[in-house]
Amino acid sequence: QDLQSGSFLGPGFSDAEIEHYLKEENIPYRKVHPSELGREVATLLAEEKVIGWFQGRMEFGPRALGARSIIGDSRSAEMQSTMNLKIKFRESFRPFAPAVLKEKVSEYFEISSESPYMLLVAPVKEAHRLNGHKGNSFGIELLKETRSTIQAVTHVDYSARIQTIDKDVNPAFYDTINNFYQKTSCPVVVNISLNFRGEPIVCTPQ
């Protein structure tokens, strides 16, 4: 049993509190029923949209674990540079972490255990690697090569810092990734912290 409760130990905010803030600030919004949220977000992810994901109680610790996250399509060749340059304002080569359905992790990575806190690193499985290293490219130039079917979360050495998603610990996040899997046959999304460079992870709706 996970006594740390997925590390979701921080403050949470009700729909009513969030809606009050949106109305107060005149921010356009559309309310989606919880049963439809995963499907709607998965559709946007498959269209290579970048999503700010804010739900439930905030994570405790240095990693975004699916409560205050920015998520994207792990299959996209452009997602890594887009997120780095346009959202995180950091070097384009810096890798992103994959969030993967717990029961699918061993199909994509050389790991047989859970990694709920994004602490374990494992290589992408050979079956999902593409092309291999060809030509005279090295270092940052390797980023221009298509290295795997989950390009956005594959580092130049094929490593990835993995987070496994459990449907009982974070059901809304699991449902979204599972809907993405049903739509694309890929159970992996990019998961980075909901913040800009040099700032803490977002806590409140404000």
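Does Tyr-158 count as buried or exposed, and at what relative accessibility? In this predicted model, Tyr-158 counts as buried because its relative accessibility is 13%, which lies under the 20% cut-off for that class. Buried residues make up 43% of the 206 residues in the chain, and, among contacts between residues at least 6 apart in sequence, 66% join residues at least 24 apart.

**Helix H2 and its surroundings**

- Helix H2 comprises residues 34-46, and its 13 residues reach 19 Å from the first C-alpha to the last, which is close to the 18 Å expected at 1.5 Å a residue.
- The buried residues in H2 are Gly-38, Val-41, Ala-42 and Leu-45, and, seen down the helix axis, they fall within an arc of 105 degrees, so they line one face of the helix.
- An α-helix has 3.6 residues a turn, so residues three or four places apart point the same way.
- Just after H2 comes Glu-48, which takes a positive phi of about 65 degrees.

**Helix H3**

- In helix H3, which spans residues 79-88, the buried residues are Met-79, Gln-80, Met-83, Asn-84, Ile-87 and Lys-88, and they are on the same side of H3 because they cover an arc of only 130 degrees around the axis.

**The largest pocket**

- The largest pocket holds about 1,200 Å³ of space and is lined by 29 residues, of which Ile-18, Leu-22, Arg-30, Leu-37 and Phe-54 lie nearest its centre.
- Two or more residues of this lining come from each of helix H1 (15-24), H2 and S1.
- By residue class, the lining of the largest pocket divides into 19 nonpolar, 5 polar and 5 charged residues.

**The loop between S4 and S5**

- The loop between strand S4 (120-123) and strand S5 (159-165) holds Gln-151, which counts as buried because its relative accessibility is 7%.
- Although Gln-151 and Ser-76 are 75 residues apart along the chain, their C-alpha atoms are separated by 6.3 Å.
- Tyr-158 is also found in the loop between S4 and S5, where it has a positive phi of about 70 degrees although it is not a glycine.

**The segment before H1**

- Ser-7 is placed in the segment before H1, and its phi is near 70 degrees, a positive value in a residue other than glycine.
- With a relative accessibility of 1%, Ser-7 counts as buried.

Conventions
Residues are numbered from 1 along each chain as its sequence is written. This is a predicted model: local features need pLDDT of at least 70, side-chain atom pairs count only at pLDDT 80 or more; totals for chains, interfaces and linings use all residues. Side-chain values use heavy atoms; hydrogens and water are left out. Helices (H or I, at least four residues) and strands (E, at least two) are DSSP runs, numbered from the N terminus. The expected span of a helix is 1.5 Å times one less than its number of residues. Buried means under 20% relative accessible area, exposed over 50%, partly exposed in between (1.4 Å probe, protein chains only). The arc is that of the directions from the helix axis to the C-beta atoms. On a 1 Å grid over the protein atoms alone, a cavity is a set of points where a 1.4 Å probe fits but cannot get out, and a pocket is an open set with protein on both sides within 12 Å along at least five of seven lines; lining residues have an atom within 4 Å of a point. Grid points are joined across faces, edges and corners, and a volume is the space filled by probe spheres set on the points. Ala, Val, Leu, Ile, Met, Phe, Trp, Tyr, Cys and Pro count as nonpolar, Asp, Glu, Lys and Arg as charged, and the others, Gly among them, as polar. Contact means heavy atoms within 4.5 Å.
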